[in-house]
Amino acid sequence: MTFVARHIAEMPRSGIRKFFDIVNEIDGAISLGVGEPDFETPWAIKERGIYTLENKRTVYTSNAGLIELRREISKYLENRIGVKYDPGSEILVTVGASEGIDVALRAVIEPGDEVLIVEPSFVSYRPCVTMAGGVPVSVETKAENDFRLTPEDILKKLTPRTKALVLPYPNNPTGAIMEKSDLAAIEKVLKYRDIVVISDEIYSELTYGDISHTSISSFESMREKTVVLNGFSKSYAMTGWRLGYAAGPREIIDAMTKIHQYIIMCAPTVSQYAGIEALQSCDDAVMKMRREYDARRRVMRKGFLDMGLSCFDAKGAFYLFPCIKSTGLSSDEFAEKLLYEEKVAVVPGTAFGECGEGFIRCSYAYSIKEIKAALERIERFVRKLKNTDKP
Amino acid sequence: MEKDILEILEKDSRISAEEIAVMLGKPSEEVSACIKKMEDEGIICGYTILPNRDKTEKEYVAAMIEVKVTPQRDSGYEAIAKRIYKFDEVKSVYLMSGAYDFMVLMEGKNIKEISHFISSKLSTLESVTSTATHFVLKKYKDYGIIMEKNEYADERMVVSP
């Protein structure tokens with residue numbers, strides 16, 4: 001007899017979790033496996049958190065979050081993505097963007113609804129859809145398109161039951177971004193269809209080169225059917241503060257707030273005050289981090305190209321997604337062997353969807369020194385593989 | 001590009017032009033040329049290190065001296081600044097707004113040495129009308145670098161989504 005519900009028991013464990021257990025057995029491993037910044041939360045933000053604690057602001061806030069914070073979020077969104085959201089009714093402060101994913105899906109999915117999930121992508125979308133009673137449908141993106149979503153990718157998967165699309169750009173794990181023209185093509189497909197877009201833009205501050213982030217909600221026809229998810233974790237190096245937000249049309253945000261009030265009550269109060277500080281005074285800190293990531297990104301990509309692994313020029317997040325097919329190993333084999341032989345942890349691409357096969361995710365949320373040390377080991381590993389291949 | 005190169009070199013002046021080129025995605029000849037140009041133009045005045053003297057065996061004391069002067073008719077502050085900064089003992093000289101004119105940074109073996117310099121060399125300069133000396137007890141942070149590193153281990157989980 002088991003007490004665990006069948007649909008939970010049947011839900012596979014995250015591929016990352018499996019890998020995490022293996023990595024933990026290895027002593028002295030260098031990791032390129034993390035999905036969070038190595039920077040410290042900027043001091044101004046921490047200081048505001050401390051001040052908040054000292055002033056006994058340790059009580060609940062309103063369900064949707066502090067109105068001051070929602071006002072700042074509203075200003076920020078108007079500034080960055082050019083979309084106006086009413087702080088009073090169109091913004092919900094969540095416990096990280098992770099909660100936003102869950103609540104947004106629950107707010108729109110009815111049993112049997114199909115949800116398109118762009119893959120490779122973050123590990124939570126699928127299980128969240130399943131738990132909400134929906135049916136996850138993979139939309140696979142391809143290396144030859146630099147892992148951007150194309151209209152053809154979507155059109156193949158549309159059915160009358162398609163209710164929503166999860167659009168995760170800038171993308172974890174590929175580092176791909178969707179530029180305005182890419183989104184315009186997607187908008188054409190969605191314009192006259194009743195499909196909600198859940199646009200996970202948690203890495204929006206981290207785009208490189210001259211390209212700044214564009215949100216699909218900035219298209220007039222999409223604003224009313226897009227829920228924008230974002231948060232403070234990646235941009236302000238605040239992963240542990242658990243602070244995110246959702247912005248969207250009133251009706252959906254209202255529904256999400258209803259769920260949020262029953263399951264969460266409110267996002268952590270200290271974090272909310274700290275979030276106000278982040279939005280008010282930390283643009284420079286974010287810019288500094290972005291520039292540093294950009295330099296690391298280039299160093300790492302050159303490293304992979306030099307060792308003969310193809311790696312597209314990913315312009316977002318803090319991941320590169322080099323192709324390891326030329327080594328003849330699968331993603332899982334590559335990651336595992338690399339770990340045992342050279343003690344470097346990377347995440348197999350398959351942890352993010354089947355179409356991640358043939359790729360590994362390497363994070364550059366590490367100092368250049370650490371990145372170089374890891375690259376050296378990977379290079380040695382790849383060289384060995386290629387030499388033993390020869391007849 | 002100058003700004004980007006300066007930013008990288010300010011953090012670590014030992015990084016090579018080739019490495020900077022990779023970091024910025026620029027050809028390395030271009031980066032080398034740009035560094036050379038900045039050196040020639042005096043934008044980059046030198047390369048140095050940032051020692052934490054508290055950790056060395058050598059006796060060491062630093063002082064900041066507020067100096068009031070009478071500016072001279074023809075040369076204003078320039079001539080007097082020069083007379084001060086020419087001394088090897090003097091590490092930095094800034095012209096300041098506010099209650100005094102120059103901030104002079106000095107380093108020496110001990111308090112006595114610095115006092116001696118001030119009383120015999122600095123205060124005796126004609127245009128100097130007064131000085132106020134502040135000895136540095138401890139440097140916490142210098143040029144953006146925190147001296148006593150709290151070596152936090154990387155607290156992040158080794159692998160995370």
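## A loop residue in chain B

In this predicted model, B:Tyr143 is found in the loop between β5 (141-142) and β6 (145-146) of chain B. The phi angle of B:Tyr143 is positive, at about 45 degrees, although the residue is not a glycine. Most residues other than glycine have a negative phi. B:Tyr143 has 7 other C-beta atoms within 10 Å, and a residue with 12 or fewer counts as exposed, so B:Tyr143 is exposed.

## The sheet of chain B

Chain B contains an open sheet of 4 strands, arranged in the order β2-β3-β1-β4 with antiparallel pairing. Two of these strands, β2 (90-95) and β4 (128-135) of chain B, stand at the edges. Each edge strand has a single partner, so one side of each is left without a neighbour in the sheet. From one strand to the next, the twist averages 20 degrees.

Strand β1 (residues 61-69) of chain B is joined to β4(B) by 7 bridges, and the two strands run antiparallel. Within chain B, B:Val67 stands opposite B:Thr131, which belongs to β4(B). In general, strands of a sheet pair through backbone hydrogen bonds, either parallel or antiparallel.

## Helices across the sheet

Helix α4 (residues 78-85) of chain B lies across β1, β2 and β3 (102-108) of chain B. The direction of α4 is at about 165 degrees to β2(B).

Helix α5 (residues 111-122) of chain B lies across β1, β3 and β4 of chain B. The angle between α5 and β1(B) is about 20 degrees.

## Overall form of chain A

Chain A has 13 helices and 12 strands. The radius of gyration of chain A is 21 Å, close to the 21 Å that the globule rule gives for 391 residues, so chain A is as compact as a globular protein of that length. The C-alpha trace of chain A spans about 70 × 55 × 50 Å along its principal axes.

Of the 391 residues of chain A, 50% count as buried. Where contacts in chain A link residues at least 6 apart in sequence, 74% of them join residues at least 24 apart.

## Two domains in chain A

The domain assignment divides chain A into domain 1 (6-41 + 284-382) and domain 2 (43-281). Taken over C-alpha atoms, the centres of domain 1 and domain 2 of chain A are separated by 24 Å. Their contact takes 35 residues from domain 1 of chain A and 35 residues from domain 2 of chain A.

On the side of domain 1 that touches domain 2, the elements giving two or more residues are α2, α11 and β9 (319-320) of chain A. The most is given by α11(A), with 6 residues. By class, this side of domain 1 of chain A has 19 nonpolar, 9 polar and 7 charged residues.

## Contact between the chains

The contact between chain A and chain B takes 20 residues from chain A and 10 residues from chain B. On the side of chain A that touches chain B, two or more residues come from each of α2 (15-25) and α11 (283-306) of chain A. Here α2(A) gives the most, with 5 residues. This side of chain A has 12 nonpolar, 5 polar and 3 charged residues.

## Backbone features of chain A

Most peptide bonds are trans. Two cis bonds may be noted in chain A. The peptide bond from A:Glu119 to A:Pro120 is cis, with omega near 0 degrees, and A:Pro120 has its place in the loop between β3 (114-119) and α6 (125-131) of chain A. A cis peptide bond also joins A:Tyr169 and A:Pro170, with omega at about -10 degrees. The loop that holds A:Pro170 is between β5 (162-167) and α8 (180-190) of chain A.

A:Arg242, a residue other than glycine, has a positive phi near 50 degrees. A:Arg242 lies in the loop between β7 (226-231) and β8 (244-247) of chain A. With 18 other C-beta atoms within 10 Å, A:Arg242 is partly exposed.

Key
Residues numbered from 1 in each chain as written. Chains lettered and ligands numbered in written order. Predicted model: local features only at pLDDT ≥ 70, side-chain atom pairs only at ≥ 80, totals over all residues. Rg over C-alpha atoms; globule rule 2.2 N^0.38 Å. Buried ≥ 20, exposed ≤ 12 C-beta atoms within 10 Å, placed from the backbone. Contact = placed C-beta atoms within 7 Å. Nonpolar A, V, L, I, M, F, W, Y, C, P; charged D, E, K, R; others polar. Pairing = 2+ DSSP bridges. Axes fitted to C-alpha atoms, helices over the stretch in contact; angles between N-to-C directions. Domains from an automatic or database assignment.
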